[in-house]
Each structure stands twice: as C-alpha cells, then as structure tokens.
Amino acid sequence: MKLQRRSFIKLSAAAVGAMGVGGVAVMSNRAKASPWYHKEVKTVYSICENCFWRCGVKVSVVGNRVYKADGYKENPKSRGMLCPRGQGAPAQTYDPDRLKKPLIRVEGSERGSGQYREASWEEALDYIAKKMLALKESHGTESIAFFGHGTGDFWFVDFLPAAWGSPNAAKPSVSLCTAPREVAAQYTFGRAIGGHEPIDWPNSKYIVLIGHHIGEDTHNTQLQEFSEARKNGAKLVVVDPRFSTAAAKADRWLPIKPGTDTALLLAWIHVLVSENLYDREYVEKYTLGMDKLIPHVKDFTPEWAEQITEIPAGVIRDVAREMAAQKPRAILPPTRHTVWYGNDTQRMRASYILNVLLGNYGREGGFYIAMPPFLEAFPTPPLPLVPAAGGCAGPAAVTEQPEGFRPRADAGKFFAQSTAIQELIEPMITGKPYPIRGLFAYGISMFHTIPNVPRTREAIKNLDLYVAIDVLPKEHVMWADVILPEATFLERYDDFVTVAHKTPFVQARFPAHEPLWDTKPGWWIARELGKRIGLEQFFPWQTFEEYLNTRLMSVGLDLETMRQMGTMVQRGRPWLTDWEKEGRLPFNTTSGKIEIYSEAFAAAGFDPLPKYEEPQPVPQGYYRLLYGRSPVHTFARTQNNPVLMEQESTNAVWLNTEEAARLGFKRGDWAFMINPDGMREGPLPVRVTERIRKDAVYITHGFGHKGKGLSLAYGRGACDAHLQNHYTLDRISGGAGLRNNFVRLEKAPRPRLRSVVQIIRERRG
Amino acid sequence: MSEFFYGIPNTEPFWTGLKTLHYVLVGLAGGMAVLAAILTLRQHPDRNRYLWLAGLFILLDMFVLWAGSSARWYFSQFWLFLSFEPRAPIWWGTWGLSSALASVGLILLKTWVPLLKRIPEMLLGTVMLVGGLVALAYPGIALVVNENRPVWNEMMLVIFPVTALLMVLAVAMLLGSAWARRWEVMAAAVTVALLVAYPLTLQGEAREHFMREGLLVYATAGVLVAVALVLFRNPRLAAGLGLAGAVGLRWMLVQVGQIQAPGL
Amino acid sequence: MARLAMLIDLKACVGCAACSVACKMENEVPVGGSRLWIREREMGTFPNLTVEYRPEQCAHCENPPCVPVCPTGATYQNEEGLVLVDYHKCIACSACVAACPYDARFISKAGYVEKCTFCAHRLARNEEPACVTTCPTYARVFGDLDDPDSDINKAIQAAGQGHVLRPELGLKPKVIYVNPPSKQGLTRKEAQL
C-alpha cells in the first residue's frame with residue numbers, strides 16, 4: 001500500500017488572513033509583520049547535504065537567504081518529506097563561524113597552533129600547486145593522499161587523484177562504515193548493497209534488525225518505508241544490546257551480548273536448515289554451496305547460541321520459525337555501519353546467507369535489485385588512473401594496477417579491493433611501504449572519524465603539504481597549511497547524484513543564491529587547481545553549466561529542463577523475474593549464482609562459510625563503548641548548526657540504572673569517559689537508563705568538538721573516536737572494527753558551559 | 001520513568017522580576033486606594049496624605065508593569081483600554097487601577113483647578129473605592145483562573161486582598177496613623193489563620209512541590225506576621241514585620257505557583 | 001465552522017524531531033522558545049521496556065483557557081477553530097502562558113507571545129502544516145473533526161480511540177494521540193476522546 005498525502009480541508013482564506021493584520025498596526029515594527037513566506041519566494045531544486053542519504057529538496061529562497069527546505073514528491077529519496085537534519089540544513093549557510101576567505105598558515109608556525117593569514121584564491125592555489133609539483137618531483141604523485149566525504153568529494157577523491165596519479169584516495173564511508181557489508185555482498189551476490197539500501201520494506205511481513213539504527217539515523221526514505229511496513233502489519237524483531245528507537249517499536253527485543261551476533265545468525269540458519277524451513281526451490285535455483293552449509297551449521301544449535309548470546313534458545317527458535325513462516329517476505333536488512341568487531345565480513349555473510357535461505361533476494365518483501373541510472377560521464381581524455389576510492393555504495397571494482405604507478409599504500413593488508421582510510425595514516429609516519437607526504441582533506445572530520453587520533457595528529461605533523469577544503473573551521477581544518485573555504489550546498493552547483501534504486505534516478509543541485517563571503521564551489525577549486533598542476537586537459541569544459549548540460553544530453557535532456565524537474569527517474573529491473581524474462585540472472589559472482597560457500601574466500605585462506613569468533617572481552621572495571629546516531633545530527637558535521645543544536649546540544653552517556661547506582665551516578669550527574677590508555681573525553685551528562693545492558697555504555701557519535709572556531713560545537717559532549725585508540729582490522733574487507741574499545745566512567749564536576757541559546761542570541765548580534 | 005526532550009517545552013517561569021514585583025505592588029496600590037477612598041468618604045483629616053500615597057503607589061505599580069513588559073515600546077499597550085474583555089482579570093485590573101488613579105488625581109487637582117471642584121467628592125471617592133477594590137481583588141483572580149496550576153487555588157481569592165490590606169495598614173502604622181492599629185491586628189490575625197489553613201487545601205504533587213520549593217519563605221513569612229500580631233505593643237516593629245511577611249508571602253506564592261498540574 | 005485538529009500516531013512516531021525543526025524553520029521561531037517539541041518517556045525495567053515518543057504543541061482547544069484571560073483580545077479563536085494571536089495587540093503579559101496547561105506558549109524577545117498556529121498561513125494556501133508534510137513516519141494526520149469523511153476522523157476510527165492530554169480540564173484539546181505504546185504511555189490523566 002502506498003500511503004497518500006491527502007488533499008484536505010477547505011479553509012476560508014479570509015478567516016486566516018485576519019491574523020496578523022487584525023487591529024491597528026500603527027507603530028508596530030514587529031518581525032512577524034512580514035514573515036518570509038509573505039515575500040517573493042523563489043523555489044530552487046537542490047540536494048540536501050546535511051547527511052549522506054542526499055535527499056532531493058526544493059528550497060525556498062528570498063534574496064540571498066534560504067528560509068526553508070522541503071522534500072518533493074517526484075524525488076524517490078525525499079518523496080515530499082524531510083528529516084530534521086534536512087529541515088535544519090539551510091541554517092549552516094548563514095553560520096557566522098563559516099570559513100570566509102582562503103587562509104594560509106603563517107610561515108614558521110606549528111601545525112595545530114592555528115595561526116593563519118588571509119590570502120587570495122590566486123595565492124592560495126599557487127601555493128598548493130607549487131608544493132604539489134615539488135612533491136611529485138621528490139616522491140612521486142602517489143605521495144599525496146586524498147581524503148574526502150560529501151557530494152563534492154567526486155572532484156577531490158575520485159577525479160583529481162585519478163587525473164593526478166595517486167591511488168591513495170579514500171573515503172571514511174568505506175573502511176569506517178560499509179566495507180564489510182559491501183565486500184560480503186560482492187562475494188555473495190556479486191552485487192553491491194549500495195548507498196540506498198535496496199530493501200522492499202513496504203511489502204515485508206517480518207523484519208529482523210541487528211544493530212540497526214533506523215529512527216535514529218533518520219535516513220529519510222528508509223524511515224518512511226519502515227513506517228509503511230509497520231502500518232502494513234509487518235512484525236519487527238530488534239537485536240541490540242540497547243533498547244534503541246527501533247527496539248521501542250519492535251514486537252520482540254533481543255538484548256544480545258555485544259559482539260555475538262554471528263552466533264545468533266548461525267543458530268537461526270541452523271534452525272532453518274535442521275527444521276527444513278528454508279526456501280528449497282530458491283536455494284536450488286539460484287545458489288551454490290548449500291551442501292557445504294548443512295554440515296557446517298550442524299552444531300550451531302540455539303542452545304549453543306544461548307550460551308554465547310544470552311538470548312534464550314526458545315526465543316531464537318521461535319524467531320527463526322516466525323521468519324520462515326513469512327518467507328520470502330521476511331528480511332534481515334543490512335545495517336550501514338558494519339565495522340564492529342573485526343570479523344564483520346563474516347557476520348554480514350551469515351546475515352546474507354540467512355536472507356538467501358528465506359529466498360528474499362530479488363523478491364518482493366525482500367531485497368530488490370538496484371540498478372544505477374544511465375548517465376554518461378563528461379568526455380575527457382582517459383585518466384591515468386581509474387577512480388578507486390569507492391564510497392558507501394561499495395568498494396570500486398578496480399582489480400588491476402595500471403603500469404607506471406605504485407599500488408595503493410594499504411595494499412596487502414587485507415583481501416578486498418576496498419580502500420582503508422585508516423591504513424593510509426601509517427605511511428605518513430613510517431614512510432612504508434612508501435612515504436605519503438601530502439594530504440587533501442575535503443569535507444571529512446578527520447579527528448572524529450579515523451580511530452587512533454593521536455596517530456593521526458602525529459601523521460599530519462609529518463606532512464609536507466596539508467590542504468583542507470571545508471565550510472567550517474573544524475579542528476582538523478585548522479591544522480592545514482592552506483584552508484580553502486568552500487561554498488555550501490545551497491550556494492553551488494554540483495555534479496549529478498546518481499542513485500542505484502528500484503527506479504534508478506538522477507538528481508541535480510542548483511544554487512539557490514551566490515556564494516556568501518569569498519567562498520567557491522568545489523568544482524571550481526578542483527578545476528583551478530588542476531590548471532595549475534598540469535591537468536588542464538582533464539577539465540575541457542568552460543562553465544559548469546556546460547559540463548552538466550553535456551552529461552544530460554546523453555539521456556536526451558538539457559540543463560534548463562532539469563532545472564524545472566530536479567530529478568529524472570528511469571526504469572529499473574528490481575525483481576528476479578524481470579531478469580529471468582531477459583534470460584539472465586543479476587549475480588555478478590564468478591559462478592553467476594549466489595555463493596553461499598565462497599571459493600574465493602577459501603582460496604585466500606579465509607573461512608568459506610562464516611564462523612563465530614569471540615569479541616575481545618571487556619576488561620574488569622570497564623564497559624564496552626557502543627556508539628550510534630542522534631536523529632537531529634549527522635556524524636560530526638552538524639554540531640555548529642544553531643537550529644539542530646537547539647534541539648540537542650550535547651550527547652550523554654547511557655549507563656544502566658543498576659551500574660549507575662553501583663558507581664553512585666544520579667540523574668543530572670556528569671562524567672568523564674576514560675579508556676584503558678588514559679585518554680579522557682567529556683565531561684558529558686550521564687543518562688541513567690534501563691535501556692542498555694550492564695556491560696556496555698553508549699553515546700551518540702559526533703559531539704566533543706575541539707575546534708575553537710566552532711562557537712556552538714566547541715567543548716560539548718564527548719567524541720567516541722578520541723576513545724577508540726584501537727581497532728581490529730577486518731582482514732577481508734579492510735574495515736576497522738571499532739567496538740573492541742572500552743571505557744570507564746569517572747565523576748566530573750558540572751562544566752561551566754554557556755547555553756547554546758545564549759550563544760546563538762549573541763552570534764546574531 | 002525518565003524523560004528526554006528534543007526541543008524544550010516552555011516550562012520556564014513566565015512571571016519573574018518586575019512582573020512578580022507587580023503582584024506585590026498592586027496590593028499596596030489597590031489597598032492604598034481603598035484606604036484613601038474610605039478616608040475620603042468619611043472626610044477623615046488624614047485623607048490627603050493617603051490620597052498622595054495611593055497615587056504614588058498606583059503610578060509606581062503601573063511604571064513597573066510598563067517597564068517589565070517586553071512590549072513596552074509598542075502600541076499594543078493601548079489595546080488594554082481600547083478593548084472590552086470582561087472575562088480577563090488583567091483587563092479589570094487595568095481599569096481598576098486607572099479609575100482609582102483618575103479619581104485620586106481629580107481630587108488632588110481640585111486644589112489647583114477650580115473647575116474640578118464641581119465634581120462631587122463622594123462620587124470620586126466611590127469610584128476610587130470600587131477601583132481600589134477591583135485592584136485589590138484582581139491578582140488573586142488572575143492566579144485562580146489558571147486551573148492547570150494547582151498551587152494557585154481558591155485561597156488566593158482571600159490571601160491576596162487580605163495581605164494587601166495587611167501591607168497598607170502596616171504602612172499607615174509606620175506613618176503613625178493610630179486608627180490603623182486595630183485593623184492591622186485584625187488583618188494579621190486573618191492572615192495567620194489563612195496561612196495555617198492554606199497548605200491543608202493543597203493536594204498531592206502540588207503540595208509536595210509547594211513544601212519543597214516554598215516552605216522556607218512561607219514559614220518565615222508566617223512567623224513574621226505571627227510575631228507582628230503578638231508585638232502590637234510595639235506598633236512600628238509590628239508593622240515592619242507584617243509588611244515584610246506579606247511582601248514575602250505574595251512574592252513566593254506567585255513564584256512557586258508557576259508549576260503545571262502533574263500529568264504531562 | 002470547522003474544527004481543525006491534529007492527530008498524532010504514537011505507534012508510528014520515532015521522535016526524530018523532523019516536525020520540531022520544520023516548525024522552527026517555517027515559522028522562524030526564535031531561539032530559546034518552542035512551538036513544538038518531542039517528549040521521550042522511558043517506562044518499565046530492563047528488559048521489559050516501553051518508550052513513548054510524543055510530539056507536543058498547542059492543542060487549539062475548543063474551550064481554550066488562554067482566550068478569556070487575554071486582556072487585549074490579542075489571543076482569539078477563529079471560525080476554523082484555530083487559536084491564534086494577533087501580534088499587534090499582544091502586550092506580553094503572560095496571562096495566556098499561565099493559563100495554558102500544555103506549556104505551548106512563550107514570550108519572544110520581540111515582545112509578544114508565540115505559539116503553534118497549525119501553520120495558518122499554509123492552510124490559507126490549502127497546504128498542510130509544515131510538521132505534517134515533513135513527517136517521515138506518517139505519524140500526523142491533519143483535518144476537520146466536523147467532517148465525518150475527513151482523514152482525521154477515519155484515522156481515529158481506525159485506531160479505535162483517541163486520547164488527549166489532561167482531559168480533566170474539559171478543554172477539548174484538538175491534538176489527538178492514538179495508539180499509545182502502553183497504558184503507562186501518555187499520562188495517567190489520559191482519557192478517551
């Protein structure tokens with residue numbers, strides 16, 4: 001059932017018109033006398049940049065100010081609705097803390113000391129170009145790494161490094177987020193999961209979420225379809241050590257012992273196999289390796305799993321039977337952030353195998369088969385390297401190294417072709433396998449994302465060139481040699497966002513107004529820099545409109561038409577039946593089938609069928625540090641947004657009521673979080689709650705900013721990355737397992753923090 | 001049960017500072033108007049002094065109201081006089097204070113403006129009395145209408161006028177008006193009785209909140225008034241204590257009462 | 001006459017605060033005050049827990065206690081059943097703030113009282129309130145209680161019963177909650193509509 005927004009009441013406009021103009025308006029100079037919506041409002045299509053779901057939005061502009069962002073129905077991401085981050089997104093553009101001019105670090109000053117002088121774009125770009133060319137001379141093009149995240153990252157992490165000749169380009173959205181699930185999907189289905197998870201929520205009847213933060217990550221479309229599923233009567237099971245928002249909506253909550261999910265999955269597989277509840281026909285038709293799976297799971301009984309997971313065997317068995325009863329409309333949707341304990345690819349494999357046994361891949365109520373939309377790239381001379389950074393849509397499928405370049409500096413540390421951003425830090429310090437001497441940081445939050453922050457700081461200190469391109473003076477930005485202030489998403493064009501989907505689509509971003517201050521769009525920066533480092537041939541277009549228009553011509557459109565549409569939707573082939581009609585299957589594995597048993601893993605020395613591995617135990621006196629999302633914030637990007645900070649201005653550490661009583665924490669108390677290496681974060685409020693197990697504590701990610709230029713974000717809450725000194729490398733996917741980190745809590749005095757409300761009032765002058 | 005918010009409900013106190021001060025001053029203003037009206041109607045020799053005092057307190061109160069309003073520079077202030085809102089206690093309070101002030105002004109101006117001598121003093125006195133009584137009664141009513149705020153129960157209808165009289169009579173005693181003493185003792189006695197009775201009229205969480213947030217001031221105010229009652233042989237001290245007690249009591253009731261009934 | 005009302009499905013709501021932020025932006029609500037906010041209530045003990053996410057805002061009561069106490073007539077109820085404020089008449093006396101049992105009103109720094117208007121300016125354009133159109137969980141239904149065929153009446157019927165906050169005050173509030181997650185949800189002063 002598709003829920004329809006209604007056309008509604010007939011309202012007499014006169015009755016409402018009386019408001020605000022009733023009575024004598026003499027001497028009334030009140031703001032409300034002329035709200036923005038009574039002025040001349042222009043509507044512009046854009047793509048929200050406040051999270052990475054990237055909803056198509058239409059924004060309401062009056063002069064040089066965007067007042068409101070809304071979804072629009074024709075866009076398959078927003079479908080007319082927006083989440084809180086999207087609603088609050090315009091506020092970032094008018095943040096007085098924004099980077100306003102190019103900055104060059106004062107010669108001779110130390111990185112991190114924050115001494116800068118203003119520069120012209122000309123000078124700043126010349127400065128960077130000179131250093132890049134010198135590095136090329138001394139250490140080769142590979143000695144410059146490119147890190148980035150955001151819609152504009154195409155220019156700085158895909159295009160520019162490939163044109164320049166550095167394979168060392170990486171996004172945190174791979175090895176610090178989706179790598180395990182994407183690698184597992186590649187080796188199981190031969191297809192990516194992709195940034196827009198291809199789950200047919202509305203038609204599903206039984207949904208099992210494992211550590212899934214739906215409702216808290218507020219990925220817009222996903223939340224809408226999840227709500228539809230629930231309205232359509234789907235049963236919901238949530239597996240989480242914490243009573244998450246999803247758990248609050250669940251029919252069953254399984255408070256699992258952290259790190260034991262694979263055991264639970266194997267036990268479910270065991271029940272489906274031993275009780276013969278799986279979809280035999282589907283398995284026989286589309287898969288390989290069932291014969292090896294059956295003996296493999298023989299001993300993984302619910303009783304075995306109960307010992308490990310602390311979930312009663314009876315419940316495990318019941319859930320397995322319930323999901324089997326609803327197959328193929330039963331599904332275990334993969335979460336996005338899957339780098340948990342280091343054995344994550346195997347956990348995701350177990351989850352996919354279970355899905356396959358339910359026969360749901362390519363069937364309604366299960367996974368649909370997402371296709372990318374057709375849209376040609378802008379024709380350029382061939383790039384020396386193929387862009388290889390990948391993204392949350394999965395690792396790039398680059399399997400061969402072109403001649404004349406050294407392989408990526410993380411090569412050999414793990415099996416898959418994904419890039420591991422955290423593995424590119426070490427070469428900056430040790431020079432092994434070869435030195436990385438330069439770094440571009442575009443839009444990412446280095447000190448909030450990459451684990452082992454002290455190492456990252458040391459690495460940055462070692463560099464010969466460090467360039468940051470950003471909107472706000474985040475802490476890592478204020479370490480750069482050159483800071484290039486980018487125009488915000490509201491002020492610029494960007495390349496098209498193409499989304500693999502049930503109905504593949506292309507969406508566009510148009511500027512709502514001219515860039516404020518002396519800021520420039522990312523594409524402009526990339527092109528101007530490219531011209532200075534001998535890459536002019538790769539930027540053959542004169543204007544960005546020309547670039548966009550040329551790409552649109554490949555699908556018979558033009559830019560002006562797109563300006564009125566915002567989104568162009570194409571047809572997809574979402575179901576197996578669509579593919580079978582054409583006489584083929586969608587699985588791009590070696591065998592062309594779903595590989596339950598992975599020959600490739602076996603050949604590489606990994607378990608061809610998933611096994612349970614114990615997570616690192618919690619040391620005495622410590623709690624496992626779990627982390628997640630707040631619905632009103634995105635990672636470490638939104639903590640200086642006044643509208644969102646007014647909604648939630650700090651994170652709090654969730655502590656089980658009994659543990660709180662034992663440690664003497666009461667409601668309203670504050671704490672420091674300290675890891676076994678003595679790294680301390682906080683103070684932050686303690687949220688005494690029944691909603692978490694006794695062996696773990698939880699904070700939302702993104703707070704604890706240390707950049708002094710962020711007047712709202714600075715010094716509020718705690719940063720999980722600063723406590724994650726260790727990670728467990730997933731040898732298959734390159735993912736950095738982050739949940740083998742532990743903290744203890746220490747009482748802290750209530751800090752003397754000024755309220756964000758007060759600061760916002762003052763900032764407005 | 002624990003709670004957590006995105007955004008904040010508007011639970012901050014809404015009557016603070018000058019607005020709370022108004023709830024104290026309006027007692028003095030209205031009470032003094034009543035006193036002056038009675039003295040005028042009885043042609044008492046002290047009356048001129050009290051007319052001046054009434055005028056002064058009313059002006060002071062109105063100034064505080066105006067200064068405490070965040071709309072002080074807006075025309076909207078005049079809508080108090082341009083609208084007819086008989087259901088609104090504040091509208092009554094406005095007209096009560098203004099009519100009392102007008103009649104006080106007219107009587108005092110008679111000295112200089114001969115034309116005004118034609119207006120009968122009895123009429124002005126009556127208007128002043130009615131206006132003063134309205135001003136005396138209105139704060140209690142303005143609190144009681146808020147059914148959602150249980151600390152402000154029907155007792156406010158009595159406590160506010162009585163403590164207002166306690167205050168103005170104390171002022172009269174401090175000014176050496178001997179006739180005030182008898183009435184002051186009576187007002188103090190009634191106040192003490194009300195103070196003993198009031199907590200018994202509170203129930204459940206309203207009572208808990210009152211006991212937690214207001215008991216100290218309440219008890220202190222009660223003791224002051226009780227001591228004043230006993231100390232009537234030392235009229236100035238008694239008057240001072242009574243005045244302080246009444247002021248504290250009114251302030252505290254307005255502050256502590258700004259709590260919603262439980263249930264949200 | 002119409003009786004415009006807002007239904008909020010507590011089973012659907014995940015407390016994401018999209019409505020709250022949409023309201024802030026649409027109405028340029030000044031920092032420090034809220035026309036709409038989310039209350040998250042945790043009940044029970046591990047592992048038998050219930051969490052209720054409850055958006056709260058002005059209920060546009062049929063018997064609004066804030067209207068009679070306004071000394072200047074700034075707060076009024078219109079023909080559509082909306083309780084609105086004429087900012088030009090408001091003197092920021094807070095009588096209405098005191099009278100509101102839902103903490104829905106606040107005095108802005110600009111010197112007048114603010115509250116939810118059900119986005120009256122959008123209704124005039126025949127658009128739904130900003131909080132309704134943006135809700136990613138379909139938790140909100142807006143419509144006319146007097147129209148038996150309205151979606152809101154259908155939604156109340158489908159849910160079986162509607163609840164309002166603090167019904168004992170007899171205000172007939174028109175923010176109606178359905179499907180509270182447990183009996184403990186809402187409040188112990190909840191009641192059938």
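## Helices α1 and α9 of chain B

In this predicted model, helix α1(B) touches helix α9(B) through B:G17, B:T20, B:L21, B:Y23, B:V24, B:V26 and B:G27. On the α9(B) side, the residues in contact are B:V247, B:R250, B:W251, B:V254 and B:Q255. Sorted by class, this contact has seven nonpolar, four polar and one charged residues.

Helix α1 of chain B covers residues 17–41 and helix α9 of chain B covers residues 235–256. Their axes are 9 Å apart, and the packing angle is about 135°. Because of that angle, α1(B) is oblique to α9(B); an angle has to be over 145 degrees to count as roughly antiparallel. The crossing of α1(B) and α9(B) is right-handed.

## Helices α7 and α8 of chain B

Helix α7 (residues 180–201) and helix α8 (residues 204–230) of chain B have axes that come within 10 Å and cross at roughly 160°. The two helices, α7(B) and α8(B), are therefore roughly antiparallel. Their crossing is left-handed.

From α7(B), the residues in this contact include B:V185, B:A188, B:L195 and B:Y198. Their partners in α8(B) include B:R207, B:F210, B:M211 and B:Y218. The residues of the contact of α7(B) with α8(B) comprise 17 nonpolar, two polar and one charged.

## The two domains of chain B

Chain B is split into domain 1 (13–145) and domain 2 (150–264). The C-alpha centres of these two domains of chain B lie 22 Å apart. Domain 1 of chain B puts 28 residues into the contact, and domain 2 of chain B puts in 23 residues.

The size of an interface is often given as the accessible area lost when the parts come together. For domain 1 and domain 2 of chain B, the area buried between them is about 2,200 Å², with 76% of it on carbon and sulfur atoms. Within domain 1 of chain B, B:V24, B:L143 and B:V144 supply 24% of the area buried against domain 2, more than any other three residues. B:V24 is also one of the α1(B) residues that meet α9(B).

## Domains 1 and 2 of chain A

The domain assignment of chain A gives domain 1 (41–94 + 488–519 + 554–572) and domain 2 (103–174 + 380–486 + 521–540), along with domain 3 and domain 4. The C-alpha centres of domain 1 and domain 2 of chain A are 27 Å apart. Their contact takes 13 residues from domain 1 of chain A and 14 residues from domain 2 of chain A.

Between them, domain 1 and domain 2 of chain A bury about 1,300 Å², 58% of it on carbon and sulfur atoms. On the domain 1 side of chain A, A:F52, A:R492 and A:T519 lose the most area to domain 2, together 38% of what that side buries.

Methods:
Residues numbered from 1 in each chain as written. Chains lettered and ligands numbered in written order. Predicted model: local features only at pLDDT ≥ 70, side-chain atom pairs only at ≥ 80, totals over all residues. Heavy atoms only, no water. Axes fitted to C-alpha atoms, helices over the stretch in contact; angles between N-to-C directions. Helix = DSSP H or I, 4+ residues; strand = E, 2+ residues; numbered from the N terminus. Parallel < 35°, antiparallel > 145°, perpendicular 65-115°, else oblique. Left-handed = near helix turned anticlockwise from the far one by under 90°. Contact = heavy atoms within 4.5 Å. Nonpolar A, V, L, I, M, F, W, Y, C, P; charged D, E, K, R; others polar. Domains from an automatic or database assignment. Buried area = accessible area lost by both parts, 1.4 Å probe.
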